[in-house]
Amino acid sequence: MPYSASPSRYDKMEYRRSGRSGLKLPAISLGLWQNFGGTRDYPSALEILAYAFDKGITHFDLANNYGPPPGSSEELFGQMMQHDFKPYRDEMIISSKAGYEMWPGPYGEFGSRKYLIASCDQSLQRCNVEYFDIFYSHRFDPDTPLEETMGALASLYHQGKALYVGVSSYPREQTIEAHRILQEMGVPLTIHQPSYSILNRWIEDDGTLDALGELGVGCIAFSPLAQGVLSGKYSKGKGENTRAAEKSSSVAGSHLEMGVLDAADRLNEIAKSRGQSLVQLALAWALRREEMTSALIGVRTLEQLKDNLGALDNLELSDEEIAAIDKASEG
Ligand code: NDP
């Protein structure tokens, strides 16, 4: 029996406007970076994504290289599109990106027009969709003129292959420049996708978040749980079946040092005083500023997703709580 969506799917989720655009995203969005690759079986992937959609998570985030192996997350998502989600395509915001290494040779990464256009076409095929709702330049390319990278996004936009375009991990100056170049081409920069969490505040430090607010560009934070460090689970060691325990783990060593783990324990006490789990506090924090459109999480299990969705029960943080979080997260 194909999936049938819950009639109550829009009852609880909060939707936030991306900058000054017409696009609204759920406060919590789901990414398929590491947990939906080649080793994930279809039924368990569908169970998680279907639960997410039933709870109002309308936005699923992908990229050409997500897996492992690269491409496998888009392929798995493409199967879901074909077999279960097709009737709901117009209720979904599906995004992909190009920027990191995808195929060998000089045209398989970074920001050339050659790479972005070819990669978007490949991603559309793998995902079994005719267009992406959002297509991103995944990283700034210092060796390609920004006019060329933005020109490729503008072409995808004008061809209808991307309804909205965005940049990911672009620093402040390049973000402002990308916005200007796109504007001259008649294309709005709708969204920025940076890393952002209690433990990683670079978009506040370099003024990117302020600039996004001024430009009217939305912001979706990736790794708002610092890849699981902000669950507090690493205080007890790496354990099994965790991202940090994986062979070529993407969890930064600096995030597993005693100082950070102690900070997570202190933050956990603040969460408890609010009747929340630490992940729920971390999500409320990531969403506290008005420039923020969505917090983009990853989950390995359905239980994690349920825990994270509990954040919606209390997103309000007082000035005192924000100050206490600042203090607790200092080394
Ligand atoms: P998170 O910070 O949400 O980390 C996800 C990991 O945290 C999970 O795999 C799980 O780790 C752990 N976790 C999640 N919920 C819980 C919980 N309730 N209790 C305990 N542990 C939990 O985000 P990601 O780093 O996964 O990034 C999210 C998405 O952002 C990606 O899927 C992708 O779409 C996007 N992204 C974009 C990037 C870019 O360059 N634009 C780069 C990275 C991500 P475990 O596996 O240990 O169980």
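Biologist: Is Tyr170 buried or exposed?

Modeller: The model is a predicted one. A residue counts as buried when its relative accessible area is under 20%. Tyr170 has a relative accessible area of 0%, so this residue is buried.

Biologist: Which class, stacked or edge-to-face, describes the rings of Phe140 and Tyr170?

Modeller: A pair of aromatic rings is described by the distance of the centres and the angle of the planes. Planes over 60 degrees apart count as edge-to-face. The rings of Phe140 and Tyr170 have centres 5.6 Å apart and planes at 75 degrees, so the pair is edge-to-face.

Biologist: How many residues apart are Phe140 and Tyr170 in the chain?

Modeller: Phe140 belongs to the loop between strand S6 (132-137) and H4. Tyr170 belongs to the loop between strand S7 (162-168) and helix H5 (172-184).

Biologist: How many aromatic pairs does the structure hold, and how far apart in sequence are the parts tied together by Tyr3 and Phe85?

Modeller: The structure holds 11 aromatic pairs. Tyr3 and Phe85 form an edge-to-face pair, 5.4 Å centre to centre with 85 degrees between the planes. Tyr3 lies in the segment before strand S1 (15-17) and Phe85 in helix H2 (residues 72-85), so the parts tied together are 82 residues apart in sequence.

Biologist: Is His138 buried or exposed?

Modeller: His138 is found in the loop between S6 and H4. Leaving aside neighbours within four places in sequence, its contacts include Tyr66, Lys97, Tyr100 and Ser168. The relative accessibility of His138 is 7%, so His138 counts as buried.

Biologist: How are H3 and H4 oriented to each other?

Modeller: The axes of helix H3 (residues 113-127) and helix H4 (residues 146-158) come within 8 Å and cross at roughly 30 degrees. Angles under 35 degrees count as roughly parallel. H3 and H4 are therefore roughly parallel.

Biologist: Which hand does the crossing of H3 and H4 have?

Modeller: In this contact, Arg113, Leu116, Ile117 and Cys120 of H3 meet residues of H4, including Glu148 and Leu156. The residues of the contact divide into six nonpolar, three polar and two charged. The crossing of H3 and H4 is right-handed.

Definitions and conventions:
Residues are numbered from 1 along each chain as its sequence is written. This is a predicted model: local features need pLDDT of at least 70, side-chain atom pairs count only at pLDDT 80 or more; totals for chains, interfaces and linings use all residues. Side-chain values use heavy atoms; hydrogens and water are left out. Axes are lines fitted to C-alpha atoms, for helices over the stretch in contact, and angles run from 0 to 180 degrees between N-to-C directions. Helices (H or I, at least four residues) and strands (E, at least two) are DSSP runs, numbered from the N terminus. Angles under 35 degrees count as roughly parallel, over 145 as roughly antiparallel, 65 to 115 as roughly perpendicular and the rest as oblique. A crossing is left-handed if the near helix is turned anticlockwise from the far one by less than a right angle, and right-handed if clockwise. Contact means heavy atoms within 4.5 Å. Ala, Val, Leu, Ile, Met, Phe, Trp, Tyr, Cys and Pro count as nonpolar, Asp, Glu, Lys and Arg as charged, and the others, Gly among them, as polar. Rings of Phe, Tyr and Trp (its six-membered ring) pair if their centres lie within 6.5 Å; planes under 30 degrees apart count as stacked, over 60 as edge-to-face and the rest as tilted. Buried means under 20% relative accessible area, exposed over 50%, partly exposed in between (1.4 Å probe, protein chains only).
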